[in-house]
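Please open the structure in your viewer and keep the sequence panel beside it, so that selections can be made by chain and residue number.

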Amino acid sequence: MAQEQKQPRKSSQEETATEEVVESDVAERKEMIDEDVDAILDEIDEVLESNAEDFVKSFIQKGGQ
Amino acid sequence: MSVRRVMGTEVEYGISVQGQPAANPMVASSQIVNAYASSTVRARRARWDFEEESPLRDARGFDMARQIADPTQLTDEDLGLANVILTNGARLYVDHAHPEYSSPEVTTPLDVVRWEKAGEQVMLDASRMAAQVPGSVPIVLYKNNTDNKGASYGAHENYLMRRSTQFAEIVRHLTPFFVSRQVVTGAGRVGIGQDGRDTTPERGFQISQRSDYFEVEVGLETTLKRPIINTRDEPHADPAVYRRLHVILGDANLAEISIYLKAGTTALVLAMIEDGFIDRDLTVEGAVRTLRDVSHDPTLKHLVTLRDGRRLTAVQLQMEYLELARKHVEDRLGSDADDQTLDVLARWESVLTRLERDPMECATELDWVAKLKLLQQYRDRDSLDWDDAKLHLIDLQYADVRPDKGLYHRLAGSGRIQRLLDDDTIEHAMHEPPTDTRAYFRGRCLDKYADSVAAASWDSVIFDLPGRESLQRVPTIDPLRGTKAHVGELIDRSDTAQALVAAITR
């Protein structure tokens with residue numbers, strides 16, 4: 001207990017600052033995730049067969065095992 | 001007690017002749033196999049030897065009459081369709097209306113991955129080679145299991161088991177495992193029902209490609225009335241000692257960890273069944289319906305009802321098997337357990353724990369989660385309903401074997417799906433056989449004595465030797481003989497097939 005008491009309490013200013021850092025961390029990470037999603041979807045848009053409807057319709061298989 | 005066991009996989013690939021949906025798939029499949037054969041198989045092409053095949057033998061102890069069998073079940077009749085044996089010990093051939101790659105026999109889950117992925121590269125090369133034939137139309141291959149219009153084709157697993165194990169025990173303990181393992185091994189599918197027509201807004205995606213195509217719990221068929229437990233009893237080994245468990249309900253996986261866990265966890269469960277270790281009855285009420293219900297709920301909340309009245313999720317049911325498998329390995333092997341067995345147990349536990357928390361945590365490991373994540377991202381960005389053709393296209397194209405077009409390959413290539421093996425290791429396995437099964441003997445013979453091998457199969461290599469009137473059949477009935485340790489040196493020092501056969505039959 002004594003040791004804990006020795007630790008200086010964070011001022012309310014410091015606390016706010018910490019929270020802000022955490023918040024901006026989250027925002028940054030979300031931005032990175034969003035960018036990653038955009039990147040992968042852009043990449044896949046490039047390679048997707050052009051006429052989805054026709055392509056899916058014409059994929060006809062015979063049954064196998 | 002370990003993941004080690006003689007096993008192998010067979011994958012039928014979806015096939016599409018670009019711009020010609022009405023093209024004959026048998027002809028196209030033959031073009032694929034023949035293109036690979038003529039470009040890579042040297043000199044004389046060895047035939048497949050059907051002598052030991054008996055597809056109508058039933059594990060329950062009787063033979064089905066040939067007259068009442070569906071023509072698709074008569075897989076031992078040589079219809080003159082393309083059929084070659086590769087130097088890695090695999091078989092590449094046309095099965096029904098699909099090109100199929102049957103891996104060589106291996107003994108570990110990681111080797112299942114290695115030689116199954118080698119098969120994907122064989123198919124890719126084959127389609128590229130076929131495209132070089134003047135006047136040919138490009139053929140694209142898909143490692144999936146359905147056209148979403150009612151047709152399904154298989155990705156089978158084979159596990160060698162002790163004959164002494166009662167088949168009823170296999171059925172009892174394996175069925176609940178099979179009904180639930182799709183949460184780990186599913187490849188993901190857009191569409192509900194055999195023809196994929198049920199795409200009500202909130203249930204357009206399911207975990208498994210195959211689950212909607214199973215109609216009975218136990219049976220011999222593989223092409224109609226498909227059973228959860230297949231009774232085909234064709235061991236390709238001494239039938240007094242072994243049976244080959246032929247598993248037909250699995251999905252064709254692209255993710256290496258999905259394949260690895262499929263083979264590894266199944267091997268662990270089979271070891272427990274052989275050992276009589278499973279001390280509880282996990283029998284599921286209505287296994288066929290449950291198989292579908294589990295597949296139809298990617299939130300993994302569906303409760304499975306056991307015969308004893310307990311209700312638990314498929315993930316929890318898998319955890320029952322995991323807990324038993326852990327105990328079994330500790331009990332029988334203790335600190336002697338091999339690394340791969342421990343790795344399978346650790347990954348299985350990790351995946352199940354995260355699936356229970358949030359399935360999306362497994363998006364870099366498991367096919368169905370990776371696919372669902374991608375689909376969900378498209379749905380969010382473009383506000384797409386599940387019946388949108390674009391989502392069906394993404395499902396299909398996930399399985400395209402081409403590295404530039406296949407979406408699995410795009411995700412793996414950019415590090416969004418984890419790998420277990422590097423490209424070089426897989427490339428090597430396209431040509432080299434496993435060293436610890438009879439596939440070694442088969443593969444080396446095909447490589448070194450191609451001119452003298454008349455035919456081969458899982459359990460024989462048949463030589464046509466100059467000066468000998470009859471063919472010389474070398475049986476390879478024991479899957480664990482003919483390994484590098486047994487015959488490596490002998491083959492190394494035998495310059496000709498005559499010398500080899502003389503040394504073997506001396």
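This is a predicted model: local features need pLDDT of at least 70, side-chain atom pairs count only at pLDDT 80 or more; totals for chains, interfaces and linings use all residues.

Residues are numbered from 1 along each chain as its sequence is written, and chains are lettered from A and ligands numbered from 1 in the order in which they are written.

**Chain A against chain B**

Begin by colouring the two chains separately: 20 residues of chain A are in contact with 33 residues of chain B, where contact requires C-beta atoms, placed from the backbone, to lie within 7 Å. Next select α2 (12-47) and α3 (52-58) of chain A, the elements that give two or more residues to the side touching chain B; α2(A) gives the most, with six residues. Helices (H or I, at least four residues) and strands (E, at least two) are DSSP runs numbered from the N terminus. By class, this side of chain A has eleven nonpolar, five polar and four charged residues, with Ala, Val, Leu, Ile, Met, Phe, Trp, Tyr, Cys and Pro counted as nonpolar, Asp, Glu, Lys and Arg as charged, and the others, Gly among them, as polar.

**Strand β16 of chain B**

Now select residues 453-457 of chain B, strand β16, which is largely enclosed by the rest of the structure because four of its five residues are buried, that is, have 20 or more other C-beta atoms within 10 Å of their own C-beta, placed from the backbone.

**Two helices of chain B**

Move to α2(B), residues 109-131, and α4(B), residues 256-274, whose axes come within 8 Å and cross at roughly 135 degrees. Residues to display at this contact include B:P109 and B:V113 in α2(B), and B:I259 and B:A263 in α4(B).

**Strand β13 of chain B**

Finish at residues 242-247, strand β13(B), where five of the six residues are buried. Six bridges join β13(B) to the antiparallel strand β8(B), residues 155-162, and B:E157 stands opposite B:V247.

Terms used
A residue is buried if 20 or more other C-beta atoms lie within 10 Å of its own, exposed if 12 or fewer, and partly exposed in between; C-beta atoms are placed from the backbone. Axes are lines fitted to C-alpha atoms, for helices over the stretch in contact, and angles run from 0 to 180 degrees between N-to-C directions. Two strands pair if DSSP finds at least two bridges between them.
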